[in-house]
Amino acid sequence: MADNEMKFAILGPSGSGKTTLLACMAQEFAKQKPGMIIPESGETMQSLLKAYRALKDEADNPRKLSFERPIEPSRNLREYAFTINGKRASMPVKFYDFPGEWMNPGSADKERVINIVKDATVIIIAVNTPYLMDDSIDTIDKDNGCAIEEIAWAVESGLAEDKSGRERLILFVPIKCERYLETPAKRTELVHAVKGAFQRVRNLASDPRYKLAMAILPVQTVGSVKFWHFKRGSDGRIAGEVYRKEKSSDKFNPVNVDQPLRYVMSFLIEQSARDEKRASWWRRLFHRITFKGDLKEVAEYIRSGIKSDNDLQSGFEIFCGRELIGFKH
């Protein structure tokens, strides 16, 4: 935690729902224990609230059995800063979200991407599930909608630049995935599809230069609707996505949006315990004053609701580094 700040890189194509994912995560913990995780600025709060309310209002509209989500690409780097608060200590947390087009070896912003990934202790890969799983689209649309090769390049390049040898957590988070979690067979198919698509990233776990934990955590950011089909423009290209509710009375009901942060906290607790065993006396004192103080209590509270990959309904699977997350083999 350089400068006592935990940095997250959120990787995914533009319009994949990264902001919505973060907004749902923030709202979930605000409901559970207000004041524990708070945005550092009103601008951050307003941006996330806008995304959250727009999604909720669409999903809760009783006059609509279906609604559209247009592709709204990010144009600039977005930094979402939060503070995790204890009574006597706090820890800054910053999420970095940037346009998917930056994740390209030929991009003018490629160095910014590499540095963001290099500095991040946690990498969240937002998997645009309908584009990965739907057979009605061609290879070009699938590549544009998932940015698989671009994400692999960004992770490989960022990790290669970091010589510290520190441990990292990489979370594959399928979103818009309600349709693909209905049965055990569909959940298995989704996991296999993610593992196959992101094999280049998964291969990094066998590189002796890196100490990585990886897991797939499907998150239902709406819960009450399922992907139906793609909307296409007059040119035949995909212009958005259409989602459908089974009943008009179905309400906005996110599922597992809390789990990515619970995995992060479990990872940090295990990291702290290992660091304390290895560190000098003054670093151990620092840990007791900061992370080992009442922040440890907050972290333990967040970790307490974690689901393991033994929960067959979740579609979770830990690919590697179980001990780094705090799970037994």
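**Entry 1**

I began at S16, whose side chain comes to 2.8 Å from the backbone oxygen of P13. I count this as a polar contact, meaning a pair of N or O atoms within 3.5 Å; within protein, one must be able to donate a hydrogen and the other to accept it, and residues adjacent in sequence count only if both atoms are side-chain atoms. I note for my own use that this is a predicted model, where local features need pLDDT of at least 70, side-chain atom pairs count only at pLDDT 80 or more, and totals for chains, interfaces and linings use all residues. Residues are numbered from 1 along each chain as its sequence is written, and side-chain values use heavy atoms, with hydrogens and water left out.

I found S16 in the loop between β1 and α1. Helices (H or I, at least four residues) and strands (E, at least two) are DSSP runs, numbered from the N terminus. Is S16 buried or exposed? S16 has 0% relative accessibility, so it counts as buried. For the cut-offs, buried means under 20% relative accessible area, exposed over 50%, and partly exposed in between (1.4 Å probe, protein chains only).

S14 sits in the loop between β1 (6–11) and α1. I looked up its relative accessibility, 15%, so S14 is buried. I then followed the side chain of S14: one of its polar atoms lies 2.9 Å from the backbone nitrogen of G100. The side chains of S14 and E101 are joined by a polar contact of 3.2 Å.

**Entry 1: helix α1**

I moved on to α1. Its 15 residues should span 21 Å at 1.5 Å a residue, and its end C-alpha atoms are 22 Å apart, which agrees. The expected span is 1.5 Å times one less than the number of residues. How many residues of α1 are buried? I got 12 of the 15, so α1 is largely enclosed by the rest of the structure. Among them are K18, T19, Q27 and E28, along with L21, L22, M25 and F29.

**Entry 2: the largest cavity**

I looked for cavities next and found four of 30 Å³ or more. On a 1 Å grid over the protein atoms alone, a cavity is a set of points where a 1.4 Å probe fits but cannot get out, and lining residues have an atom within 4 Å of a point. Grid points are joined across faces, edges and corners, and a volume is the space filled by probe spheres set on the points. The largest cavity holds about 110 Å³ of space.

Which residues line the largest cavity? I listed L22, M25, A26, F29, I37, F82, I84, V93, F95 and L261. Two or more of the lining residues come from each of α1 (18–32), β4 (78–85) and β5 (90–97). With four residues, α1 gives the largest share of this lining. I sorted the lining by class and found 10 nonpolar, no polar and no charged residues. Here Ala, Val, Leu, Ile, Met, Phe, Trp, Tyr, Cys and Pro count as nonpolar, Asp, Glu, Lys and Arg as charged, and the others, Gly among them, as polar.

Helix α2 (residues 42–60) has 19 residues and reaches 26 Å from its first C-alpha to its last, close to the 27 Å expected. I found T44, L48, L49, A51, Y52, L55, A59 and D60 buried in α2. Down the axis of α2, these buried residues fall within an arc of 165 degrees, so they line one face of the helix. The arc is that of the directions from the helix axis to the C-beta atoms. E43, Q46, K50 and D57 are exposed on the other side of α2.

In helix α5 (residues 139–146), I found D141, G145 and C146 buried. Their arc, seen down the axis of α5, is within 115 degrees, so they too line one face. T139 and I140 are exposed on the face of α5 turned away from the buried side.

**Entry 3: two positive phi values**

I also checked phi. Most residues other than glycine have a negative phi. K176 is not a glycine, yet its phi is positive, about 55 degrees. I placed K176 in the loop between β7 (167–175) and α7 (184–197). N256, also a residue other than glycine, has a positive phi near 65 degrees. N256 is in the loop between β10 (238–244) and α9 (259–278).

Conventions
On a 1 Å grid over the protein atoms alone, a cavity is a set of points where a 1.4 Å probe fits but cannot get out, and a pocket is an open set with protein on both sides within 12 Å along at least five of seven lines; lining residues have an atom within 4 Å of a point.
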